[in-house]
Amino acid sequence: MKRVLIFLGAALVAGSAMFAATAASKTAKTAADDPNNANLTYWYWAESDAPGANNWLKKQVALYEKAHPKVKISIVTQSTDTLTSAFTTAAQTKSGPDIATQWATLPTLSPAWAGATVPISDYVPASETKNWISTAENLWQGKIWAMPQYLIGIPFVWNKQLFKKAGLNPNKAPKTWADFLADAKKLKAAGITPFGMGNKDGYGGAWFFSLIGKQNLNSINELKDAMIGKADFADPKFSGFYQTLADLKKQGYLNSDVASISFGQGFELFGQKKVAMSWGTDGNVAQWEKQVGAKNMGVAAIPIWGKGKLATSYDVTQSSDAFITKWSKHPRAAAQFLTFLHTPQALRAWYKATGVFPADKRFPASAVTDPIAKQMLKLDQSPLSVWPENFVPPQVDQNADLAGGEMITSGSGSPAQVVKLWKSQLSQWKSQHPDEFRNYQKWATGH
Amino acid sequence: MAFAFGFPLVQVVRDSFYAGNFDSPIWVGLDNYKGVVSDPAFRQSLLNNMKLLLAVPVMLGLGLAIALVLNDRIRGGRHYQSIVFLPYVLPATAIGIAFSFLLQQNGVLNTALRKAHLGGLAQDWLGNSHLAIVSVGGLVVWQQLGFAVVVFTAALLSLPPETAEAARIDGAGWWQLQLRVLVPQIRPIIELLTVIQVITVISWVFNYVYVLTAGGPGFSSSVMELYIWRSFSNGSNGTAASVAVMLLGMAGVLIGLSLWVRRQAIAA
Amino acid sequence: MRATARGSLVRVLSQHAFLIIICLSALYPLWFIGSTALRSNAAYQLDPTGFPSHPTLGSLRTILFDEPLPRWMWNSFLVTVSSVAVSTFVALLAAYAAVFGRFRGHSIFLSTSVALMVVPPVTLLVPMFVFMVDTGMVNHLQSVIVFYTGLLVPFAIFFMTGFFRTIPQELIEAAASEGAGPFTVFRRIVLPLSGAASFTLIVVQAIWVWNELLIALVFLQSESSRTLMSGLAQFQGRFVTNVPLVLAGALVSILPVVVLYLSGQRFFVRGLTAGIGK
């Protein structure tokens with residue numbers, strides 16, 4: 001009997017020794033940061049914004065590797081749901097990709113504040129970065145923390161054929177919210193689903209916040225104040241839009257499965273001609289053009305709903321960006337590759353693959369020939385543009401912005417309850433992440 | 001075992017008293033617990049685990065019914081049993097993904113119901129916040145049913161045939177035979193399986209929820225495991241740890257229950 | 001002997017009907033996965049319930065060649081084999097010692113085993129994660145192998161002791177009286193007898209590890225170490241508009257389990273209930 005136990009014990013010890021040995025055998029290679037000799041891992045996300053992005057990047061990587069034989073880049077495409085949380089977890093392990101993607105401003109600056117990333121402006125000269133558009137979205141302490149690749153606006157779209165069928169002027173987009181509701185009423189009467197979106201995962205509601213909800217604000221700084229508690233989110237100028245969303249659902253102006261299809265699936269509705277109106281990124285619109293036909297659809301600015309200065313703002317943002325992680329052993333190699341993605345060849349290929357405008361001043365507007373694309377470009381050049389979701393701390397975004405919208409579209413919560421949710425999440429964020437809160441506060445008030 | 005369980009258990013309790021980042025934890029005493037208890041998302045998660053308990057009698061009742069039918073030495077019984085047990089071995093992740101498409105408002109189930117003129121039954125299984133957790137429960141029953149069937153069948157097989165024969169000779173009808181004679185004889189097994197499935201529904205449903213609804217809409221179908229995982233993914237380790245401690249407490253109560261039941265089953 | 005012949009015919013028919021309905025609902029989702037995986041995305045969108053009239057291997061090809069699915073399967077396979085092997089080995093020895101040995105505190109040991117079966121792995125997530133990060137094992141397969149093994153052992157011990165209890169004491173005593181030491185007894189008598197039970201235990205544990213999601217999601221985030229289930233869950237998010245593709249992934253993840261099940265059904269069912277029935 002004792003022998004059995006001893007044997008058992010020995011086996012366990014041997015087994016764990018083996019595991020420990022294999023674990024420790026990750027040799028710490030202190031290779032110099034040679035920009036032309038490195039293995040890079042890039043966590044990439046963009047396909048949702050710009051269909052065609054993944055293929056574009058694959059081709060660019062192939063080109064780059066050919067020109068730099070000692071560099072190997074492996075791309076790991078990310079899922080929208082876990083984009084932020086996967087990186088947060090990686091940051092805790094202080095290991096992971098060399099280059100990562102996050103959405104601009106808060107999702108990019110939060111890890112920066114936590115010391116998980118390095119500013120890209122440390123590795124790319126100003127002569128290059130000055131050509132990048134929208135770098136201010138990721139500016140902190142005078143440094144640019146991430147590289148923008150593209151700019152997307154989110155135009156309002158409508159199906160001209162369905163408009164005609166409902167007896168509406170096919171060439172007239174609803175300019176105000178009252179126009180929008182009137183159009184929706186007529187569409188519904190004609191048996192057409194007025195507006196299409198998917199909100200099972202909450203992004204539909206989040207877009208509603210960023211496109212409609214902001215319109216009673218005069219400046220994005222007001223939103224920042226609400227985040228740190230200097231202003232009250234319960235104030236209708238911040239949260240009044242939830243009633244509008246609830247009304248849309250109640251009046252039956254949304255597709256019946258809005259609460260059970262995901263955001264991505266919601267985008268298909270317009271392309272499949274199942275709904276008369278929607279909104280989408282420039283990239284989505286490029287796709288829809290192929291499905292619906294350029295002559296059968298129109299793009300315009302989002303209907304004006306609010307009374308603040310931001311009511312007439314557009315919503316162009318770099319959306320997602322690329323940054324270098326603190327633990328990467330090859331920041332220079334990473335920076336060199338990222339800069340490659342802004343070479344004329346890369347920018348042209350990007351536009352051709354996705355129909356989304358590159359975030360680079362050197363990209364010639366003459367390359368944009370499609371009529372709808374030209375309209376989108378014009379919208380994108382609006383004087384004032386802001387994407388409010390970028391200013392919401394990621395945890396609050398997920399637990400209040402996304403969850404709250406889901407409550408409304410599924411009819412499981414009233415606007416008042418959603419406001420309560422926001423406030424409770426804001427206070428939880430403050431108590432669970434005091435450092436992040438302090439950094440946000442400093443960043444928000446220091447302007 | 002001591003390593004895999006002892007050390008982390010102590011650590012979890014410790015972690016629950018801190019907030020902030022991994023590297024720079026800040027002592028907050030019972031604040032995490034207070035915060036969690038007042039968080040409606042947590043309360044909903046706890047409530048949902050409780051709601052899932054209702055799936056247990058459904059799964060056991062149905063499983064028992066199937067086992068009793070199979071026990072009648074019905075033709076092809078072995079084949080039926082194989083098919084019924086199949087869902088149990090399938091990966092919950094893959095099945096959950098399939099169901100997430102089947103149960104959409106305009107998905108397969110509802111389309112079929114509408115085609116069969118049962119459109120009134122077609123609900124928004126995933127998008128209706130009251131039904132979302134029911135859908136999760138349905139998925140749990142679908143998969144766990146086979147396990148109950150197999151266990152009950154084996155238990156019935158191990159019964160001495162004399163009792164059943166005696167009852168039949170005494171003129172017992174079919175229903176009487178099942179309910180008055182067979183079922184009571186396997187009561188200890190039923191109780192044991194109840195305990196096992198209660199534990200399953202409290203602690204082992206993450207897969208189903210994550211893939212089917214991700215806790216949505218909002219957090220109406222969240223469960224405690226999901227809440228812990230969410231907190232962890234947001235970097236709120238202290239919160240995650242405090243909920244973990246609470247879940248452990250619940251599991252501890254169930255441990256006591258399972259030991260008690262097992263002692264009864266052995267005595268039977 | 002029975003009630004009227006008609007009554008019993010009705011009963012038999014309704015029993016069959018009942019079972020058939022149950023079986024159909026058990027099989028339909030599988031059919032859905034399989035048939036959709038073989039359809040093109042366009043065909044699916046037009047009619048989700050339709051029959052695959054123009055089956056195509058496109059989705060399967062994409063996930064097997066363009067996505068790291070094979071890599072993930074390999075990872076899952078490695079993890080499953082390692083953790084199940086170690087756990088079964090430990091359980092065999094520990095159960096043997098517990099049932100036939102006379103060491104003090106063996107009932108406490110067993111009770112602890114049962115108790116630990118109830119602990120949800122998610123509660124141990126955070127400390128184990130910290131530990132894995134500190135030792136550098138995170139994102140390596142060792143991390144989940146260690147964790148899984150630790151989680152499997154209580155159930156394995158519970159199961160094996162239940163089975164060993166059915167081995168008649170006389171056999172052991174007879175061998176012991178012939179001068180066989182405990183180890184020999186183990187090798188010559190106990191081990192061969194426990195073939196079916198061990199096989200069952202292995203299959204049950206393998207299925208559990210293969211299907212596990214939460215721990216794999218957290219500990220193995222790099223593409224090269226990701227397991228099949230966490231990759232599949234990610235798929236759902238990334239390819240949400242291409243249902244056939246996602247379900248092709250689901251199909252591939254299910255096939256090994258189905259094959260294992262169909263080949264070992266009889267032992268599996270019998271062994272599982274033998275362990276529980278005790």
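How many salt bridges does a search of the whole structure find over all chains? The search comes up with 8, counting a side-chain nitrogen of Lys or Arg within 4 Å of a carboxyl oxygen of Asp or Glu.

A quick note on the views: this is a predicted model, where local features need pLDDT of at least 70 and side-chain atom pairs count only at pLDDT 80 or more, while totals for chains, interfaces and linings use all residues. Residues are numbered from 1 along each chain as its sequence is written, chains are lettered from A and ligands numbered from 1 in the order in which they are written, and side-chain values use heavy atoms, with hydrogens and water left out.

**View 1. A salt bridge inside chain A.** Here the side chains of Lys143(A) and Asp122(A) come together, N to O, at 3.2 Å. Lys143(A) sits in strand S6 (residues 143–144) and Asp122(A) in the loop between strand S4 (117–118) and helix H5 (126–129), so the pair ties together parts that are 21 residues apart in sequence. Helices (H or I, at least four residues) and strands (E, at least two) are DSSP runs, numbered from the N terminus.

**View 2. Where chain B meets chain A.** Contact (heavy atoms within 4.5 Å) involves 34 residues of chain B and 31 residues of chain A. About 2500 Å² is buried here, with carbon and sulfur atoms giving 46%; buried area is the accessible area (1.4 Å probe) that two parts lose on being put together, summed over both. On the chain B side, Gln104(B), Ser233(B) and Asn234(B) lose the most area, together 18% of what that side buries.

**View 3. Where chain C meets chain B.** This contact takes 77 residues from chain C and 76 from chain B. The buried area is about 7000 Å², and carbon and sulfur atoms give 81% of that. The salt bridge count is 0, and 5 residue pairs are in polar contact. Several helices of chain C each supply at least two residues, among them H1 (5–37), H7 (141–164) and H13 (243–277). H13(C) gives the most, with 17 residues. The chain C side divides into 60 nonpolar, 13 polar and 4 charged residues, where Ala, Val, Leu, Ile, Met, Phe, Trp, Tyr, Cys and Pro count as nonpolar, Asp, Glu, Lys and Arg as charged, and the others, Gly among them, as polar.

**View 4. Two helices crossing in chain C.** The axes of H4(C) (residues 69–100) and H12(C) come within 8 Å and cross at roughly 145 degrees; axes are lines fitted to C-alpha atoms, for helices over the stretch in contact, and angles run from 0 to 180 degrees between N-to-C directions. H4(C) brings Leu69(C), Trp72(C), Met73(C) and Ser76(C), and H12(C) answers with Leu228(C), Met229(C), Gly231(C), Leu232(C) and Phe235(C). By class, that makes 7 nonpolar, 2 polar and no charged residues.

Methods. A polar contact is a pair of N or O atoms within 3.5 Å; within protein, one must be able to donate a hydrogen and the other to accept it, and residues adjacent in sequence count only if both atoms are side-chain atoms.
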